[in-house]
Amino acid sequence: MSGPLLEIRGLAVVFPTRGGLVRAVDGVDLEVFSGECLGVVGESGSGKSVTFLAVLGLLRPPGRIEAGEIRFEGRTISGLPEAELRELRGRAIAITLQDALTALNPALTVEQQIVETIEAHDPDLPRGRARRRILRERAQELLRLVGIPEPARRLAAYPHELSGGMRQRVMIAIALSCRPKLLIADEPTTALDVTIQAQVLDLLAELRERLGTAIVLVSHDLGVVAEHCGRVVVMYAGQVVERGPTAAVIGEPRHPYTRGLLRSIPSIAEPERPIRPIPGQMADPIRPPPGCRFEPRCSLARPACRLPIALRPIDGGRAARCVEVAA
Amino acid sequence: MRAEAVEEGALARPAEAPAAPARSPFAADLRELLANRTAVLSIAIVLAVAAMALFAPWIAPHDPYEANLLRRLQPPVWLEGGEWAHPLGCDQLGRDILSRIVFGARVSMTIGLLVVAIAAVIGTTLGLLAGYLRGFVDVLIGRIVDTLLGFPYLIFAIGLMAAMGPGLANIVLALVLKEWVLTCRVARAETLAAREMDYVEAARALGASPARIMLGEILPNILSPVLVVATFRMATIVILEASLSFLGLGVQPPVPSWGSMVADGRAFLLDAWWVATLPGVAIFVLVLAINLASQGLRDVFDPRLKA
């Protein structure tokens, strides 16, 4: 197997606050291979979005990368100057932000917003009349690609004239406009109702097959990830707590947090099974527990859990950060 | 790799409910504006004055510079001694007041439009830069703005005019030098709000440069408030120009300006009230019309006023 498309090693992201240094991401290792769909799961504040904002150099000051290395196609991209990162954004790695309802500019038409991104990255465009025609054709193709009917008419629409699902599709079309090798979909379905969620997820899966774009699906919904991703990474309090092939991780979770996540999902198959929420609160990101971050909430916690613990490999390309797993 | 490589409609699927026919928010706003009678009337008056200024030589019944001492202080047509040849009467040199008011509109409109337009461009540019780049640029621009805001407007303009000498270009310069500050503050505040929006983040995530974000993403979103403020400010500029001309620091005689006409007529207020009053009425009507028109525009274009 060739090297991974995206490789993150020991990434640490910190946000200085009045209360102290918030360690939003603390020693995350993960890789995304060409053409795969990787699910990244975790509750709010687990550091999943921040990890990928850091990849693109989009952390808001004073947030910064404190340690670690990010490599894309073998080239180190962490710490690149802004101008070089800008070249990468959209063209090599694209991201669709959490909320499609606000991530589209209300003052511009769909066409203007798609064309903008193409223009920003394609220096070979001809000048004059031909340019406009080519750009419009490409924008129409993109809308068709993401399954928007009557693309010619939709191009002239403003975001407020589109439904939530349509807007998410437009977002995806914009993200795909420069043919990135990696598409990061940050909570692509959060603001959508269930039937539209399924459509958008199916669309992403089809686009991955057709275009060969690797997709990172960032979500708090393990169900969404289970259905569409080959591999999954579970994050908790800024750390990866478990990773591996999705079927294996869901079939036989090795970290108590993953188990807790699964148990907190209602099941149609077993309507009688009680939903068991995970007790307690997310670990304090300024003063995290010294050992396993999940220890204070874990029903299986024992004294050994108070000691620092690394991600321990398990057979079958899996790993979990738990003392239960034999080192 | 290009988007052309993708097969047409390969992934097309039935989508959610079709959206309403595409119509720009602007068209809807325009219809709302036309329903506001005060605004329509005011805009009509402003446009009429603009047309009067533009076509002054064809509209004015007489040469505004032609003096005839035999008609000195001739009253308007509705008073005893008036005649239809000079409907609004004549001034102390026997010049036709109507013609001078028509030509005076040129000065008011030219200066009003020029100052507002130039100030809006400068103010918006600096406001965008300050609001988006923050840091040192913001501090620097902020200090200049605060300093200029500390001066009373008229004193500032009088001082500059006294230093530079009268003349149309100098009036514009003197007024622009302070006027941009207000647009700048509005543009900066609006930019501060807009730069935190998700769509700006999204544009950045897709590799847009700061210039592209400022002009392509933020500018369209801050344009309405900036334009509304600019139209409001035009009324003030018209008054300021009239004030400067009244004080003799504005446009120089014999070029007719409403302000200098009021100044000239002041001496005869008791015997021939029309000489000073009629240009004053012209100022009043234009300024009121601009204010009401911009209020109408604001009601329509400022989303914050919509419930």
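I looked up the largest cavity and found it lined by 20 residues, of which Thr117(A), Ile174(A), Ala202(B), Ala203(B) and Leu206(B) lie nearest its centre. A cavity here is a set of points, on a 1 Å grid over the protein atoms alone, where a 1.4 Å probe fits but cannot get out, and lining residues have an atom within 4 Å of a point. Two or more lining residues come from each of strand E6 (93-96), helix H4 (110-121) and helix H7 (164-176) of chain A, and from each of helix H8 (198-205) and helix H9 (210-246) of chain B. H4(A) gives the largest share, 4 residues. I noted about 180 Å³ of space in this cavity, the volume being the space filled by probe spheres set on points joined across faces, edges and corners.

For the record, this is a predicted model, in which local features need pLDDT of at least 70 and side-chain atom pairs pLDDT 80 or more, while totals for chains, interfaces and linings use all residues. Residues are numbered from 1 along each chain as its sequence is written, chains are lettered from A and ligands numbered from 1 in the order written, and side-chain values use heavy atoms, without hydrogens and water.

Next I turned to strand E10 (residues 239-245) of chain A, where 6 of the 7 residues are buried, so the strand is largely enclosed by the rest of the structure; buried means under 20% relative accessible area with a 1.4 Å probe, protein chains only. Strands are DSSP runs of E with at least two residues, and helices are runs of H or I with at least four. E10(A) pairs with strand E9 (residues 231-236) of chain A in the antiparallel sense over 6 bridges, pairing requiring at least two DSSP bridges. Between E9(A) and E10(A), which form a hairpin, there are 2 residues, and Ala237(A) in the turn has a positive phi of about 50°. E10(A) also pairs, antiparallel and over 2 bridges, with strand E12 (residues 318-320) of chain A, where Ala319(A) is the bridge partner of Arg243(A).

I then checked the cysteines and counted 0 disulfides over all chains, a disulfide being a pair of cysteine sulfur atoms within 2.5 Å. The sulfur of Cys322(A) is 6.2 Å from the closest cysteine sulfur, in Cys305(A), which is too far for a bond.

Last, I went through chain B, which has 11 helices and 0 strands, and in which 45% of the 307 residues count as buried.

Methods. Buried < 20%, exposed > 50% of the residue type's maximum accessible area, 1.4 Å probe, protein only. 1 Å grid on protein atoms, 1.4 Å probe; cavity = no way out; pocket = protein on both sides within 12 Å on 5 of 7 lines; lining within 4 Å.
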